[in-house]
Amino acid sequence: MKHIIFLLIFLVNFLGAQEFLAKFEENGKFGLKDQTNILLPAIYDRITTDILIVTHKGDETTIYDQKLSILYKDQEILTYRYSENPDILQIILNNGTLVTYTRDGLLSNTLQLSPQKESDKSYKEDKNNGYQIYTIEKNKIREKSFNIFVDPEDDLLNIKYPSYGQEPKFLNNKKSLEIEYTLRRKSTSNEKIIDYGDSEERLFSPLKISYIISKLKNKYGVWDFKEQKEIIPFHYKKIIPYQNYLYLEKDGLSTFYPNIGTDPRYKKLEPYIGAFARFETPDGKKGWVDRKGKEYFDQ
């Protein structure tokens, strides 16, 4: 029993020492403190404490770890970006290096930054989930839906491809696309209402699962089979889906849709690593472009 008490005391003291740092304000400026000490004086215009500690004083930015050791000084930093889902802080240095931090520290395996399902459990094993399966069959789209209230139903969508039907594929680069969604039951009086919860469809956002990548006269484009309209004209040598954005290539240049637009401008363009993608322009300039199309050139 005595050992347990000592262990509890130790844990309380240890956790107290690991208390989250708190910002405070004096005379319109910000500082940082813990429970007992002022760690950074209130001389900063802005302080953020997401994953790492970032201070702003005039045009000067400094990035610290949680122990307030300086990681990057102003002259090294080109830009930085905090992102959720996953929870990361990415920093681009002036020399073109991209570093990524999580709450566990520096991230070495950037494959973790691809959008992921919240669970690997199959919808077929969960009675509270439903699904939709879209398939391309002889240039027509078939939709099969299933939820916990009804048996599976097939609906052949009356979509033909008189000229857009060459090698049509979904955003997963296949002729079949399965979308899982969660069903929750609501009760209003005695009437049951289906409330559609979270869906894998969000992993494709801002693209739509109704987008079909296909070819016309050896040129690729994108067709929306629900809206029945052309989204991207059939002008491109190559279109590659990266789940929630598309790589477009034409005349030896490339771009990302919808992030950068449909007008290819880069000699080289690599897939996004979190918030940024590496590029090289036709005249040899290198840098990073974010998911809104803003460029950051190596210094």
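What share of the contacts in the protein chain between residues at least 6 apart in sequence joins residues at least 24 apart? I looked this up at the outset and found 35%; I took contact to mean heavy atoms within 4.5 Å.

**Entry 1. Basis.** I noted that this is a predicted model, in which local features need pLDDT of at least 70 and side-chain atom pairs count only at pLDDT 80 or more, while totals for chains, interfaces and linings use all residues. I numbered residues from 1 along each chain as its sequence is written, and side-chain values use heavy atoms, with hydrogens and water left out.

**Entry 2. Whole chain.** I recorded one helix and 27 strands in the protein chain. Helices (H or I, at least four residues) and strands (E, at least two) are DSSP runs, numbered from the N terminus. Of the 299 residues, 39% are buried; buried means under 20% relative accessible area, exposed over 50%, and partly exposed in between, with a 1.4 Å probe and protein chains only. The protein chain exposes about 18400 Å², and carbon and sulfur atoms supply 48% of that area. These areas come from the Shrake-Rupley method with a 1.4 Å probe; for residues, only the protein chains shown count as cover.

**Entry 3. Nonpolar cores.** I next looked up the largest nonpolar core, which has 22 residues; Phe170 and Leu246 have the most contacts inside it. Such a core is a set of buried Ala, Val, Leu, Ile, Met, Phe, Trp, Tyr and Cys residues joined through side-chain atoms within 4.5 Å. Two or more residues each are given to this core by β12 (129–137), β16 (176–188), β18 (211–216), β19 (219–224), β20 (229–236) and β22 (246–250). The largest share, three residues, comes from β18. For Leu246, leaving aside neighbours within four places in sequence, I listed contacts including Leu171, Leu207, Ile213, Val222, Ile232 and Phe256. Another core, of twelve residues, lies apart from this one; Leu52, Tyr80, Leu93 and Val99 are among its members.

**Entry 4. Strand β18.** I then followed β18, in which five of six residues are buried. Two strands are said to pair if DSSP finds at least two bridges between them. β15 (residues 166–169) runs antiparallel to β18 and is joined to it by two bridges; Gln166 has Lys215 as its bridge partner. With β19, β18 pairs in the antiparallel sense over six bridges, and Tyr211 stands opposite Asp224 there. β18 and β19 form a hairpin with two residues between them, and Lys217 in the turn has a positive phi of about 55°.

**Entry 5. An open sheet.** I found four strands in an open sheet, ordered β8-β9-β10-β11, with antiparallel pairing. Two bridges join β10 (residues 98–102) to β11, and Thr102 stands opposite Gly105.

**Entry 6. Two single residues.** Is Ala42 buried or exposed? Ala42 lies in strand β3 (residues 38–44) and counts as buried because its relative accessibility is 18%. Ala42 and Glu26, 16 residues apart in sequence, are 6.0 Å apart in space, C-alpha to C-alpha. Thr110, in the loop between β11 and β12, counts as partly exposed at 32% relative accessibility. Thr110 and Thr100 are ten residues apart in sequence and 8.1 Å apart in space, C-alpha to C-alpha.
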